Amino acid sequence: MLRVSDLHVYYDTIHALKGVSFSVEKGELVTLLGANGAGKTTTLKTLSGLLRPRSGKVELEGAALENVAPHEIVRRGVAHVPEGRKVFPRFTVLENLQIGGYSRAKASLGPELEFVFELFPRLRDRQKQIAGTLSGGEQQMLAISRGLMAKPKLLFLDEPSMGLAPKIVEQILENIRAINRAGVTVLLVEQNAAMALAISHRGYVLETGSVILEGSADELAGNDLVRQAYLGG
Ligand SMILES: Nc1ncnc2c1ncn2[C@@H]1O[C@H](COP(=O)(O)OP(=O)(O)OP(=O)(O)O)[C@@H](O)[C@H]1O
Ligand SMILES: [Mg+2]
C-alpha cells in the first residue's frame, strides 16, 4: 500500500533522513521505533506532504506522493495525527471532529462520528466540552478521532503515548489495535517500544536518519539491540 524508497530529507544543511526505505502492506499495523532525533517525525511529515524530500520516492497504492499537496494526500486516504496531540483548544470536541472531516464535508459525517464515539465513548459524553479543557488522554483520543473523521485508509500516528500515564497508554494502544482491526492500515511511531510491538505486526528501527533493523514484532522484541536500547535490557 505504502512504499518508501531511499528518502533523503534535509532541514537546511541538516541531513535528517539518509536514505530511508520501508513499506506497509494493506491491513498491517507497522511501528517505526527510534530514539529522540532519529527521524521518526520527519518521516511522517514527509509522507504526508508537509516536508519535501531532496530525493527518494513515496508511493501510495502505486501513485507517487512526493510532489502532492498535503490536502490532496488527505483526500487520497491518508490521515496524520501529529506529535503532541494538536487539538484546536478553543473549539469543542464536536467541532474538532467536524474539522477532521473537512475533506469530506459534503458526505455525511454521521457514520464516522458513530465509529469514533463507539471507540471512545468518553468523547460522546463530552461533545460540547472545549477541547483545551480535556485531560491529556482525552485530547489524544480526540486527536486520533479527528484523524479518523477523514475516513483514512492509512493512518499515521506520531507518539500517541507521549506524556500519558501507563494505564491510559494501554487503553489507547488497545484502541489503535481496534482501529487497525476495523480495516485501517496503521503506521505508528513510538519510543515506547514494548507497548508498540505488543500491538504491531512488523516494525522498523530508525537511528540517526537510517533504518538499521526490520522484522516482525516478535523478532524485534527478541532482538538484543532493541532490548538494550528500547526495552530496558
Ligand atoms: N524544524 C527543524 N529544523 C532543523 N532540524 C530539525 C527540525 N526538526 C527536526 N530536526 C532535526 O532532524 C532530526 C530528526 O528529527 P525528528 O523530529 O524527525 O526526530 P524524532 O525521531 O521524531 O524524535 P523525537 O522522538 O524527539 O520526536 C533531528 O536531528 C532534529 O534535530
Ligand atoms: Mg518526533
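1. What share of the contacts in the protein with a separation of 6 or more comes from residues 24 or more positions apart? In this predicted model, such residues account for 66% of those contacts, and the points below go through the elements that a reader new to the structure may want to look at in turn.

2. As to the overall form, the secondary structure of the protein comes to ten helices and ten strands. The radius of gyration is 17 Å, which is close to the 17 Å that the globule rule gives for 233 residues, so the protein is as compact as a globular protein of that length. The C-alpha trace spans about 45 × 40 × 30 Å along its principal axes, and buried residues make up 42% of the 233 residues.

3. One of the sheets is open and built of six strands, which follow one another in the order S6-S7-S8-S3-S9-S10 with mixed pairing. Its edge strands are S6 (78-81) and S10 (210-216), each of which pairs on one side only, and neighbouring strands of this sheet are turned by 15° against each other on average, with direction ignored. Helix H1 (residues 40-47) packs on this sheet, where it touches S3 (29-34), S6, S7, S8 and S9 (202-207), and the direction of H1 makes about 150° with that of S7. Helix H6 (residues 136-148), for its part, lies across S6 and S7 and runs at about 165° to S6.

4. With S6, strand S7 pairs in the parallel sense over four bridges, and Phe156 in S7 is the bridge partner of His80. With strand S8 (residues 185-190), strand S7 (residues 154-158) likewise pairs in the parallel sense, here over five bridges; among the partners in S8 are Val186 for Leu155 and Val189 for Asp158.

5. Is S7 mostly covered or mostly open? It is mostly covered, five of its five residues being buried. Leu154, Phe156 and Asp158 point one way from the strand, whereas Leu155 and Leu157 point the other way, and all of these residues are buried.

6. In soluble globular proteins, nonpolar side chains tend to be buried together. Here the largest nonpolar core holds 63 residues, and among these Leu157 and Val186 touch the most other members. The largest share of this core, five residues, comes from H6. If neighbours within four places in sequence are left aside, Leu157 is in contact with Val81, Ile144, Ile176, Val186, Leu188 and Val189.

7. Eight of the eight residues of H1 are buried, so the helix is largely enclosed by the rest of the structure; the buried residues are Lys40, Thr41, Thr42, Thr43, Leu44, Lys45, Thr46 and Leu47. Just after H1, Gly49 takes a positive phi of about 85°.

8. Which residues are the closest to ligand 1? Of the 13 residues that surround ligand 1, the closest are Tyr11, Ala16, Lys40, Thr41 and Thr42. Strand S2 (14-24) and H1 are the elements that give two or more residues to this shell, and H1 gives the most, with three residues.

9. Strand S2 also belongs to an open sheet of four strands, in the order S2-S1-S4-S5, in which the pairing is antiparallel. S2 and S5 (63-64) stand at the edges with a single partner strand each, so one side of each is left without a neighbour in the sheet. Strand S1 (residues 2-11) and S2 pair in the antiparallel sense over eight bridges, and Lys18 in S2 is the bridge partner of His8.

10. A last point concerns Glu219, whose place is in helix H9 (residues 217-222). With 14 other C-beta atoms within 10 Å, Glu219 is partly exposed, because that class lies between buried, at 20 or more such atoms, and exposed, at 12 or fewer. Glu219 and Leu197 are 22 residues apart in sequence, while in space they are 9.7 Å apart, C-alpha to C-alpha.

Definitions and conventions
Residues are numbered from 1 along each chain as its sequence is written. Chains are lettered from A and ligands numbered from 1 in the order in which they are written. This is a predicted model: local features need pLDDT of at least 70, side-chain atom pairs count only at pLDDT 80 or more; totals for chains, interfaces and linings use all residues. Two strands pair if DSSP finds at least two bridges between them. Axes are lines fitted to C-alpha atoms, for helices over the stretch in contact, and angles run from 0 to 180 degrees between N-to-C directions. Two residues are in contact if their C-beta atoms, placed from the backbone, lie within 7 Å. The radius of gyration is taken over C-alpha atoms; the globule rule is 2.2 Å times the number of residues to the power 0.38. A nonpolar core is a set of buried Ala, Val, Leu, Ile, Met, Phe, Trp, Tyr and Cys residues joined through C-beta atoms within 7 Å. A residue is near a molecule or strand if its C-beta atom, placed from the backbone, lies within 6 Å of it.
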